[in-house]
Amino acid sequence: MIDLHYWTTPNGHKITLFLEEAGLEYRVHPVNIGKNEQFEPAFLKISPNNRIPAIVDTQPADGGEAISLFESGAILLYLAEKTGQFIPRDLRGREQVLQWLFWQMGGLGPMAGQNHHFNVFAPEKIPYAMKRYIDETARLYGVLDKRLADRAFVAGGDYSIADMAIYPWVVPYERQSQNLDDFPHLKRWFHAIKARPATERAYAWVERINPPKA
């Protein structure tokens with residue numbers, strides 16, 4: 001059983017995408033970041049950086065005590081290795097997945113996150129910062145679009161944890177002041193993932209625990 005400590009953010013969606021695709025049994029424990037629940041002592045024991053998501057695997061592969069993990073990329077890699085799914089077994093395929101997983105963790109996620117902050121949430125609108133992160137998001141979308149020009153999924157081959165990591169950060173493209181029509185290969189990939197039944201089930205958690213306000 002996987003206990004998922006989760007909120008409906010891009011990083012949270014990465015893990016529900018994997019769990020739904022893999023068919024793993026899991027329980028969701030909502031951590032309402034709008035109410036600062038990520039700072040509660042019980043949560044900090046498994047996620048010392050006070051960020052969601054985090055998991056506790058009550059049945060780790062080594063048969064030992066429950067294991068907890070934080071950081072969405074580390075969780076995806078752990079779950080892929082636990083199940084043998086969504087990461088290639090061969091050296092070259094595996095390294096392709098890991099490169100693009102780390103590209104998301106070190107590039108698209110932080111830059112799009114700053115885009116969201118300065119363009120949506122910041123109490124003071126700073127034109128330089130807004131333009132900087134809109135432009136950097138566009139650059140990264142361009143990198144991804146070029147990568148997808150001759151392959152169905154980011155790492156080549158099959159759907160992988162790299163796609164699962166990247167997709168949730170493209171979902172709010174309008175908030176990031178991006179137009180998917182400018183990135184046709186990315187757009188095709190985006191809609192293919194959106195249509196997957198597991199993606200629909202993963203995003204159904206939004207309505208269940210954090211529905212949009214009217």
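Predicted model: local features only at pLDDT ≥ 70, side-chain atom pairs only at ≥ 80, totals over all residues.

Residues are numbered from 1 along each chain as its sequence is written, and side-chain values use heavy atoms, with hydrogens and water left out.

First, the core. By nonpolar core I mean a set of buried Ala, Val, Leu, Ile, Met, Phe, Trp, Tyr and Cys residues joined through side-chain atoms within 4.5 Å. Buried is under 20% relative accessible area, exposed is over 50%, and partly exposed is in between, with a 1.4 Å probe and protein chains only. The largest nonpolar core has 59 residues, and the members that touch the most others are I161, V170, L186 and W189. The most residues in this core, 9, come from helix α4, residues 91-121. Helices here are DSSP runs of H or I, at least four residues, and strands are runs of E, at least two, numbered from the N terminus.

What does W189 touch beyond its neighbours within four places in sequence? Its contacts are L144, L148, A152, F153, V154, D163, I166, Y167 and V170, where contact means heavy atoms within 4.5 Å. There is also a second, separate core of 7 residues, V31, F43, I52 and V56 among them.

Now the helices. Helix α5, residues 127-147, has 21 residues and spans 30 Å from first C-alpha to last, close to the 30 Å expected at 1.5 Å a residue. The expected span is 1.5 Å times one less than the number of residues. Buried residues of α5 include Y133, T137, L140, Y141 and L144. Seen down the helix axis, the buried residues of α5 fall within an arc of 155°, so they line one face; the arc is that of the directions from the helix axis to the C-beta atoms. That buried side packs against α4, α6 (161-170) and α7 (184-194). The face turned away carries the exposed residues P127, Y128, K131 and K146.

Helix α4 has 31 residues and reaches 42 Å, close to the expected 45 Å. It has a kink of about 40° centred on Q104, the bend being the angle between axes fitted to the seven residues ending at a residue and the seven starting there.

Next, charges. There are 9 salt bridges in the structure, each a side-chain nitrogen of Lys or Arg within 4 Å of a carboxyl oxygen of Asp or Glu. R201 pairs with E20, with the closest N and O atoms 2.8 Å apart. This pair links distant parts of the chain, R201 in α8 (residues 197-209) and E20 in α1 (residues 10-22), 181 residues apart. R201 is partly exposed at 40%, whereas E20 is buried at 16%. R139 and E136 form another salt bridge, at 2.9 Å, and both lie in α5, 3 residues apart, about one turn of the helix.

Last, the backbone. The peptide bond from I52 to P53 is cis, with omega near 5°, and P53 sits in the loop between α2 (41-44) and β3 (54-57). Which phi does N36 have, positive or negative? Its phi is positive, about 60°, although N36 is not a glycine. N36 lies in the loop between β2 (26-30) and α2. S177, in the loop between α6 and α7, has a positive phi near 60°.
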